[in-house]
Every structure is written in structure tokens, then in C-alpha cells.
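Please look at the sequence and the model before reading on.

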Amino acid sequence: MRIRSALTALALATGTLAAPGFGVLASATDAFAVTKISHATATSMFSSAGVTWSSSGGCSNRNNPTCTSFDQLNLATAQGAQTLKGATGCALNITGGTETGHASGTYSHWNGYKLDFGKNTCVTNYIKSAFTYIGLRGDGAPQYKSGSGNIYADEGNHWDVLYYNCGGC
């Protein structure tokens, strides 16, 4: 029993969790175990928060680039969209999820870390006033960083958002 208490105290002191699907970031760019959710779970979460989504192909097939899919989305990414909606009070429409056709990489759409949001004045004004401008991305997109470390890139006709976490959910 003393060993368990000592291990629990050590875990709390170092800020680590041993539960599956959870982890602590040492920095905003350190990968950790994530909880993946289904398309149905994500759409339920979005609906309950008043977040909408659309697809140029009118579909949700992850393997079709004209669809908008949420299969294998990170739970924290879905929660981040809910957090953004609650913080802004703006209309929020997702135009890109985990479907193929986006840039690859560890922190990619395919791997569940990113969502694309349609641009509107309300969302744009919020991002530019509440978050810190951090310069241009390699492709020239202006980037803004939230207090929680998530990155919002202005890709012209939409916001490409990289969620390292749920944004303070």
C-alpha cells in the first residue's frame, strides 16, 4: 500500500497520468497518446455546441478528398472546436476534417490534429484580437497562437487550426 501511495504522489508531483488516451505535454509540440473518436461522436459533439460542418462533396468518407470526415479525429480537437464556439459566440462551420487530401505530417488533418473552419468576420476578428500573431507559416499563411498553444493559420478562404489540446475546455 505504501508503494502505491508513493507512486500516486510521484505521478501527481510530476504531472503525469497513466490512463490510456491521456498525457501531459512538456511543450506544445510534444506528441502524446490521444483519444480518437468516430465521425458520429464528433458530429454529436459539434451539434450539441452549435458547430456546423459542410462538405463540397456532400459526404463523410475519410478516403475521399471532397468529403468532410471526422473519423479518427482527436477528442481534444473536437473539444477545441467546441471551446472556440463557446469563446467566440460566432457562427462556426467546419469545412475540413480528417479526410485525405490535406498536407501530411505528425500534426496533420489525417492524424486528427487539425480542422478547417470557414472564414467569417466574427471568427476572424476574434482570432486576430484574442490570439498572438507569431509570423508567417512556410507557405506564407499568417499564424496566430492561442494562450493554450493551438495554432490558427489564415489560409485565405478558411482557417486551418492545429489543436495540440482542447483550448481550455
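The link of cysteine 90 and cysteine 122 is left-handed, with -75 degrees about the S-S bond. This pair belongs to a predicted model. The two sulfur atoms lie 1.9 Å apart, and the cysteines form a disulfide. Distant parts of the chain are linked by this pair: cysteine 90 sits in the loop between α3 and β4 (93-96), cysteine 122 sits in helix α4 (residues 121-130), and the two are 32 residues apart. Cysteine 90 has a relative accessible area of 2%, so it is buried. Cysteine 122, at 38% relative accessibility, counts as partly exposed.

How many disulfides does the count come to? The count is three. A disulfide is a covalent bond between the sulfur atoms of two cysteines.

Another of these bonds joins cysteine 59 to cysteine 67, with an S to S distance of 1.9 Å. The link of cysteine 59 and cysteine 67 is left-handed, at -100 degrees about the S-S bond. Is cysteine 67 buried or exposed? Cysteine 67 counts as buried because its relative accessibility is 2%, and buried means under 20%. Cysteine 59 has a relative accessibility of 25%, and therefore counts as partly exposed.

Cysteine 166 and cysteine 169 also form a disulfide, with their sulfur atoms 2.1 Å apart. The torsion about the S-S bond of cysteine 166 and cysteine 169 is about -85 degrees, which makes this disulfide left-handed. Cysteine 166 is buried, at a relative accessible area of 14%, whereas cysteine 169 is exposed, at 59%. When the bonded cysteines of the protein are numbered in sequence order, the pairing reads 1-2, 3-4, 5-6.

The other topic is the packing of helices. Helix α2 (residues 39-49) packs with helix α3 (residues 75-88) at an angle of about 10 degrees, and their axes are 10 Å apart. Because angles under 35 degrees count as roughly parallel, α2 is roughly parallel to α3. Which residues of α2 meet α3? They are Met45, Phe46, Ser48 and Ala49. On the side of α3, the residues in this contact are Leu75, Ala78, Gln79, Ala81, Gln82 and Lys85. By class, the contact of α2 with α3 has six nonpolar, three polar and one charged residues.

Key. Residues are numbered from 1 along each chain as its sequence is written. This is a predicted model: local features need pLDDT of at least 70, side-chain atom pairs count only at pLDDT 80 or more; totals for chains, interfaces and linings use all residues. Side-chain values use heavy atoms; hydrogens and water are left out. Axes are lines fitted to C-alpha atoms, for helices over the stretch in contact, and angles run from 0 to 180 degrees between N-to-C directions. Helices (H or I, at least four residues) and strands (E, at least two) are DSSP runs, numbered from the N terminus. Angles under 35 degrees count as roughly parallel, over 145 as roughly antiparallel, 65 to 115 as roughly perpendicular and the rest as oblique. Contact means heavy atoms within 4.5 Å. Ala, Val, Leu, Ile, Met, Phe, Trp, Tyr, Cys and Pro count as nonpolar, Asp, Glu, Lys and Arg as charged, and the others, Gly among them, as polar. A disulfide is a pair of cysteine sulfur atoms within 2.5 Å. Buried means under 20% relative accessible area, exposed over 50%, partly exposed in between (1.4 Å probe, protein chains only).
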